[in-house]
Amino acid sequence: DQESSSPKFGYVSFVVPISKYETFRTELERMVCSRFLIVDIQSQNMLPQKQSIEEQQKQADTTLAEYKAARQKLVNAHASAVRSFQSQIDADTQQLISLRAQVQTYDIQSQIQSLSDDLSTLKSQLANENASYAAQLRDADANIKYAQDWQTAVQKQDTALMDDVATVSG
């Protein structure tokens, strides 16, 4: 990675995978007699970094699971609300059909008007529920994507650390 030399001294700086270190060292010793080499070995404890990454991974996993559960709860609540509205709409529609088949009196006309108004209100509430659901679902999906991106970033960080652990600097 880096070198410097003079007539009496030389210096080589390197980073190699640990699996290739012995081969690299042997080759250096072939070029220069081992008595002319000074080997300085240092170690670094990477456990705190690894533990930190593992904790981040747990948090990312937990967050993702919570976001997915919240999304499923939202989907279930919406499905229940839609079923409820639809059953009320269906019941009112059937009742309207029944009333329209009868002889039209003032009371029946008034009931038809009342049911028509209720039906319009229910359809409006259903439309509002669908619009609200769509917005909440977008937010839930965005949260899930954020948590998945966080997981990916933590995994990359872990891979980079493991790659660094498996190297020798000299």
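Reader: Where is L47 found?

Author: L47 sits in helix 2, residues 47-101. Helices here are DSSP runs of H or I with at least four residues, numbered from the N terminus. Keep in mind that this is a predicted model, where local features need pLDDT of at least 70, side-chain atom pairs count only at pLDDT 80 or more, and totals for chains, interfaces and linings use all residues. Residues are numbered from 1 along each chain as its sequence is written, and side-chain values use heavy atoms, with hydrogens and water left out.

Reader: How do I read two packed helices, like helix 2 and helix 3?

Author: You describe them by the angle between their axes and the distance between the axes. Helix 2 and helix 3 (residues 106-165) pack at about 165°, with axes 8 Å apart. So helix 2 is roughly antiparallel to helix 3 (angles over 145 degrees count as that).

Reader: Is L96 buried or exposed?

Author: Buried means under 20% relative accessible area, exposed over 50%, and partly exposed in between, with a 1.4 Å probe and protein chains only. L96, also in helix 2, counts as buried because its relative accessibility is 4%. L47 has 47%, so that one counts as partly exposed.

Reader: What does L96 touch?

Author: Contact means heavy atoms within 4.5 Å. Leaving out residues up to four places away in sequence, L96 touches I112, L115, S116 and L119.

Definitions and conventions:
Axes are lines fitted to C-alpha atoms, for helices over the stretch in contact, and angles run from 0 to 180 degrees between N-to-C directions. Angles under 35 degrees count as roughly parallel, over 145 as roughly antiparallel, 65 to 115 as roughly perpendicular and the rest as oblique.
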